[in-house]
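Please examine the sequence and the three-dimensional structure shown here. A report for a reader new to them comes after.

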Amino acid sequence: MMRLYTHADCLQHAGGLDHAERPARLRAVLQALDHDRFAALDRIEAPRASREQLLRVHSATHVDRILAHAGDSELHALDEDTWIGPGSVEAALRAAGAVAAAVDAVIGGQCEAAFCAVRPPGHHATRDEAMGFCLFNNLAVGAAQALAVHGLKRVAIADFDVHHGNGTQAIFEREPRVLFLSSHQSPLYPSSGAEDECGVGNIVNGTLSPGAGSLEFRELWTHRLLPRLHAFKPQLVLVSAGFDAHRQDPLADLRLGQEDYAWITDQLQALARRHAGGRLVSTLEGGYDLGALAASVSAHVGALMA
Ligand SMILES: [Zn+2]
């Protein structure tokens with residue numbers, strides 16, 4: 001049994017006029033998952049994250065700064081590409097709450113795996129700052145839920161978004177109970193994620209050059225990232241599932257196809273089944289070409305349902 005967490009409020013956040021991170025992304029994802037092939041998904045309305053859940057990974061200053069925008073009637077720029085406005089706070093609370101609830105469900109045995117179809121994305125948000133379209137770090141909130149509420153000792157985060165998950169890395173770089181693995185294009189926003197950034201031995205970055213495709217991506221995961229994940233023997237696998245390394249994506253220069261997303265998903269699921277009783281929670285990060293995003297999410301969720 002696999003669950004899908006989402007909420008209509010996640011469609012209400014506007015990234016800004018003509019912004020790549022737009023409501024149509026989530027509409028494309030939900031439309032793709034409306035296909036008969038996904039009829040067996042158990043669809044759950046995402047709850048709001050609580051203040052307590054947010055404060056495990058964010059400063060009170062940051063949480064209050066975001067929450068102060070509830071009820072806004074106009075858009076405000078938090079940085080040059082991160083906006084907040086009408087509906088943003090509700091969307092952000094549902095996005096983070098989805099991942100925390102999904103973690104509760106897989107650990108509680110209500111489902112084996114879950115996919116959170118939410119926005120805004122989260123992996124660039126640091127303890128103190130919104131950035132890179134991200135307000136709260138949704139996946140970090142989920143990881144902290146697993147540590148603090150469920151007492152897990154080994155939580156792995158696999159991030160295959162084309163951008164480095166700088167926020168997630170910064171939040172957990174001194175937390176040995178969390179292993180963070182990321183494949184990303186370099187050079188590219190946000191310019192972090194060099195292979196010598198290792199945290200306390202719990203951070204593993206793998207970089208891909210512009211123009212790299214399926215072969216380089218699979219070699220990187222097969223030889224550098226997945227062996228570290230196996231050795232860690234995670235009790236829970238969390239996935240920052242960004243689909244902007246697709247060859248059609250307008251924000252980056254890698255050449256993956258949806259079959260590569262099916263492949264990495266198969267690898268991560270096999271690993272979760274071997275070490276973690278199958279417990280896996282994935283959440284949507286980037287992916288900005290609507291057709292490529294819909295096809296890639298279908299490949300990802302289809303593989304998780306197998
Ligand atoms: Zn991205």
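The report below begins with the basis of the model and then turns to individual sites and elements.

## Basis of the model

This is a predicted model, in which local features need pLDDT of at least 70 and side-chain atom pairs count only at pLDDT 80 or more, while totals for chains, interfaces and linings use all residues. Residues are numbered from 1 along each chain as its sequence is written, and side-chain values use heavy atoms, with hydrogens and water left out.

## The zinc site

The zinc ion is coordinated at 2.0 to 2.8 Å by Asp161 (OD), Asp161 (OD), His163 (ND1) and Asp244 (OD). Donors are N, O and S atoms within 2.8 Å of the metal (3.2 Å for Na, K and Ca); water is not among the atoms, so sites may look incomplete. The four donor atoms subtend angles of 52 to 152° around the zinc ion, and the arrangement is therefore irregular. Four donors count as tetrahedral if all angles lie between 85 and 135 degrees; four count as square planar and six as octahedral if opposite donors are over 155 degrees apart and all others between 65 and 115; anything else is irregular.

The sequence spacing of the donor residues is D-x1-H-x80-D. Aspartate 161 lies in the loop between strand 6 (155-159) and helix 6 (166-172), and aspartate 244 lies in the loop between strand 9 (236-241) and helix 8 (258-275), so the pair ties together parts that are 83 residues apart in sequence. Helices (H or I, at least four residues) and strands (E, at least two) are DSSP runs, numbered from the N terminus. Aspartate 161 counts as buried, at 1% relative accessibility, and aspartate 244 is buried with a relative accessible area of 0%. Buried means under 20% relative accessible area, exposed over 50%, and partly exposed in between (1.4 Å probe, protein chains only).

Strand 7 pairs with strand 6 in the parallel sense over five bridges; two strands pair if DSSP finds at least two bridges between them. Alanine 158 has leucine 181 in strand 7 as its bridge partner. From strand 6 the chain crosses through helix 6 to strand 7, and this β-α-β crossover is right-handed, a term that applies if, with the strands pointing away from the viewer, the path from the first strand over the helix to the second runs clockwise. Strand 7 also pairs in the parallel sense with strand 8 (residues 203-208), over six bridges, and serine 183 stands opposite glycine 206 in strand 8.

## Helix 8

Helix 8 has 18 residues and reaches 26 Å from its first C-alpha to its last, close to the 26 Å expected at 1.5 Å a residue; the expected span is 1.5 Å times one less than the number of residues. Its buried residues include Trp263, Ile264, Leu268 and Leu271. The buried residues of helix 8 pack against strand 6, helix 7 (214-232), strand 9, strand 10 (280-284) and helix 9 (290-305). Glycine 277, which follows helix 8, has a positive phi near 60°.

## Loop residues

Histidine 124 lies in the loop between strand 5 (113-116) and helix 5 (138-148) and counts as buried at 4% relative accessibility. Contact means heavy atoms within 4.5 Å. Phenylalanine 136 lies in the loop between strand 5 and helix 5 and is buried, with a relative accessible area of 1%.

A cis peptide bond, with omega about 0°, joins tyrosine 189 and proline 190. Serine 191 is exposed, with a relative accessible area of 69%, and its phi is near 75°, a positive value in a residue other than glycine.
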